[in-house]
Protein chains: 2
Amino acid sequence: MTTRIVELRRGILKKNDELAAALRQRFATAGVLVLNLVSSPGTGKTALLELTLRQLRARGAHAAALVGDLETDNDARRLAASGAPVLQINTHGICHLDAEMVTKHIEGWQAVALAELEFLFIENVGNLVCPSSYDLGERIRVVLLSVTEGEDKPLKYPGLFNSADAAVITKTDLAVPCGFDRDLALRNINEIRPGIRIFETSAKTGAGMEAWLAYLTEQARPS
Amino acid sequence: MTTRIVELRRGILKKNDELAAALRQRFATAGVLVLNLVSSPGTGKTALLELTLRQLRARGAHAAALVGDLETDNDARRLAASGAPVLQINTHGICHLDAEMVTKHIEGWQAVALAELEFLFIENVGNLVCPSSYDLGERIRVVLLSVTEGEDKPLKYPGLFNSADAAVITKTDLAVPCGFDRDLALRNINEIRPGIRIFETSAKTGAGMEAWLAYLTEQARPS
């Protein structure tokens, strides 16, 4: 039984990798920077993304978002208030997005021509485990960790932190009431993924947004 | 491909259900109340459990804990400080506990004789999606939701909330700085699981522990 499961899982991941490679090529040709945002439920992916979309648009940048959730389109409605094109992907019980879902939704998305975008954000299902195995063709994988979750999360969920290109510590306005140990958190992130770019933001106060937006703008520039 | 996956998944869940039924029978014979604690990473399962173990032991009750994590035995070490027997299950990448892991660890657990226990807490891997399908033979499934995560989580992760017997809202000491809307959270939990028992606790201040312990004691009593 175990052997069959492992083989099937390998087959699924291989198929996903092929679709993701095709997506990555397509995104590169269109000149759009694609980011895959991953975290626990409730870390604040949507709040960070809402503010990011607003501030990018205020600077004249073209940005859009694909939002994954098991059920509801609450997040898509929140994000659409920013004025950016937003499309919801409901996975109906599946614990992660995969490259096939992204491909299908991008192809059916009337409101968006990839070539006109500079940024496409993909907000994954809230889950610190399963999304780590599924490449979505993104150029940058961002893991988010809120100050309310505890500094030990990188050590306990190493797979995801190890696969990320950037980390964002969110809800920094709550650091004091939570007794957040910043040095320990930074040390733990660096232990799992040495040298990773780390940002510290509060979507409530706007703290840290300048550095985060500067990074996005720098990454979007054609190299 | 999809059909094969669905069949294999059904096979895995069927095998899990059979093992879970055997565990449930074994727990009932031993007269131990078994609870399965599920939540996002960072909701505070370990903090609630640490205080619960301490307070149960202070009342002379016999309690033990099995703790699931992808990696590290940090949680087991934290919980062992309560003086209760604690065993770590490392899943090495698997996103949930299953009945086979529980069976194996209970059988190898020299320190614990089930018949001498009144309570056995199983702390699941931090994940609001995948553990919902895996019965561990528990009598009570407890879903935890912290005030920092947002009131919409029951609507976005209905599978788990719908399979729970009790819900605990944690970190209530942070409700004010988080702007937590208690009425909305209670309404959302009740929308997914009408009539579910709901507790509101803070492991930091001890608020709400009396009601939670009274519930545990009442449930442990032979009916």
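Trainee: Are B:F199 and B:W212 buried or exposed?

Mentor: In this predicted model, both B:F199 and B:W212 are buried.

Trainee: How should I read the way in which their two rings are placed?

Mentor: In general, a pair of aromatic rings is described by the distance of the centres and the angle of the planes. For B:F199 and B:W212 the centres are 5.6 Å apart and the planes stand at 65°, so this pair is edge-to-face. The pair links distant parts of the chain, since B:F199 belongs to strand 7 of chain B and B:W212 to helix 9 of chain B, 13 residues apart.

Trainee: Which arrangement do the rings of A:W212 and A:Y215 have?

Mentor: Their centres lie 6.2 Å apart with the planes at 25°, and because planes under 30 degrees apart count as stacked, the pair of A:W212 and A:Y215 is stacked. Both residues sit in helix 9 of chain A, three residues apart, which is about one turn of the helix. A:W212 counts as buried at 1% relative accessibility, and A:Y215 counts as buried at 4%. Together with A:F199, these two residues form one aromatic cluster.

Trainee: Turning to the interface, how many residues of chain B are in contact with chain A?

Mentor: There are 36 residues of chain B in contact with 36 residues of chain A, and the two chains bury about 2,900 Å² between them, 64% of it on carbon and sulfur atoms. B:L8, B:P41 and B:K156 supply 21% of the area that chain B buries against chain A, more than any other three residues.

Trainee: Which residue does the side chain of B:K156 meet in a salt bridge?

Mentor: The partner is A:D69, at 3.5 Å from N to O, and the interface holds four salt bridges by the rule used.

How values were computed
Residues are numbered from 1 along each chain as its sequence is written. Chains are lettered from A and ligands numbered from 1 in the order in which they are written. This is a predicted model: local features need pLDDT of at least 70, side-chain atom pairs count only at pLDDT 80 or more; totals for chains, interfaces and linings use all residues. Side-chain values use heavy atoms; hydrogens and water are left out. Contact means heavy atoms within 4.5 Å. Buried area is the accessible area (1.4 Å probe) that two parts lose on being put together, summed over both. Rings of Phe, Tyr and Trp (its six-membered ring) pair if their centres lie within 6.5 Å; planes under 30 degrees apart count as stacked, over 60 as edge-to-face and the rest as tilted. Helices (H or I, at least four residues) and strands (E, at least two) are DSSP runs, numbered from the N terminus. Buried means under 20% relative accessible area, exposed over 50%, partly exposed in between (1.4 Å probe, protein chains only).
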